[in-house]
Amino acid sequence: MAASELSCQLSEENCERREAFWAEWKDLTLSTRPEEGCSLHEEDAQRHETYHRQGQCQALVQRSPWLVMRMGILGRGLQEYQLPYQRVLPLPIFTPAKVGATKEEREETPIQLQELLALETALGGQCVDRQDVAEITKQLPPVVPVSKPGTLRRSLSRSMSQEAQRG
């Protein structure tokens, strides 16, 4: 299966605002594949000859950073698919416009971050249900050491036979 790939690079730079953006993605993939249902196989038993031919097609896949994917067979048209949006980070990235800005000029904190900060301040950095290891081990039943591995099996088998006799 032969394949060719075309990748794209995009870069922008704004020196005034000291911003830069750079992106690279695999844009186009063209691959040769065997075509289903398009094969020929002949055998001549008298001449001891065989002939086999498999049809081929060129599959095309085109991706874009706008989450659009086009797929299809070259020469037959492409089907377009809109991929689902998925954030890479759990919170949107934000930066204050001006560091020395007054409170009224600043952007509001995102709601997700406000909820997270409120939870952290409510807990005060401590786990509410925290217990020491000694307290947890007090609640457990005592460990009974078994001297011989066979003794435990025999006692279980006797109790099982007694249960069977009782019905």
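**Entry 1: ground rules and totals**

I take accessible areas from the Shrake-Rupley method with a 1.4 Å probe, and for residues only the protein chains shown count as cover. On that basis I find that the protein exposes about 15,800 Å², with carbon and sulfur atoms supplying 53% of it.

A reminder to myself: this is a predicted model, where local features need pLDDT of at least 70 and side-chain atom pairs count only at pLDDT 80 or more, while totals for chains, interfaces and linings use all residues. Residues are numbered from 1 along each chain as its sequence is written, and side-chain values use heavy atoms, with hydrogens and water left out.

Next I looked up burial, where buried means under 20% relative accessible area, exposed means over 50%, and partly exposed is in between (1.4 Å probe, protein chains only). Of the 167 residues in the protein, 10% are buried.

I then turned to contacts, meaning heavy atoms within 4.5 Å. Among contacts between residues at least 6 apart in sequence, 29% join residues at least 24 apart.

**Entry 2: the elements**

How many helices and strands does the protein have? I get three helices and five strands, where helices (H or I, at least four residues) and strands (E, at least two) are DSSP runs numbered from the N terminus. Along the sequence the pattern reads β-β-β-β-β-α-α-α.

**Entry 3: the sheet**

The five strands make an open sheet in the order E1-E2-E3-E4-E5, with antiparallel pairing; two strands pair if DSSP finds at least two bridges between them. E1 (3–14) and E5 (78–82) stand at the edges with a single partner strand each, so one side of each is left without a neighbour in the sheet. From one strand to the next, the twist averages 20°; for such angles, axes are lines fitted to C-alpha atoms (for helices, over the stretch in contact), and values run from 0 to 180 degrees between N-to-C directions.

I went through the pairings one by one:

- E2 (residues 19–44) and E3 (residues 49–63) pair antiparallel over 13 bridges.
- E3 and E4 are also antiparallel, with five bridges; Leu 60 has Gly 72 in E4 as its bridge partner.
- E4 (residues 68–73) and E5 run antiparallel and are joined by five bridges; here Gly 72 stands opposite Leu 78 in E5.

**Entry 4: turns and positive phi**

A note before I start: most residues other than glycine have a negative phi. With that in mind, I checked the loops.

Arg 18 sits in the loop between E1 and E2, and its phi is near 55°, a positive value in a residue other than glycine. Arg 18 counts as exposed at 79% relative accessibility.

His 48 is in the loop between E2 and E3, a hairpin with four residues between the strands, and has a positive phi near 55°. His 48 is exposed too, at 73% relative accessibility.

The hairpin of E3 and E4 has four residues between the strands, and Leu 67 in the turn has a positive phi of about 60°. In the hairpin of E4 and E5, with four residues between the strands, Gly 75 has a positive phi near 95°.

Is Ser 31 buried or exposed? Ser 31 is buried, with a relative accessible area of 6%. It lies in strand E2 and stands opposite Ala 59 in E3. Leaving aside neighbours within four places in sequence, I find Ser 31 in contact with Ala 2, Ala 3, Cys 57, Gln 58 and Ala 59.

The side chains of Ser 31 and Arg 33 are joined by a polar contact of 3.4 Å. By that I mean a pair of N or O atoms within 3.5 Å; within protein, one must be able to donate a hydrogen and the other to accept it, and residues adjacent in sequence count only if both atoms are side-chain atoms. Arg 33 has Cys 57 in E3 as its bridge partner.

**Entry 5: cysteines**

How many disulfides does a search of the whole structure find? It finds zero, taking a disulfide as a pair of cysteine sulfur atoms within 2.5 Å. Cys 38 is in no disulfide, and the nearest cysteine sulfur, that of Cys 57, is 9.0 Å away. Cys 38 is partly exposed, with a relative accessible area of 37%, whereas Cys 15 counts as exposed at 63% relative accessibility.
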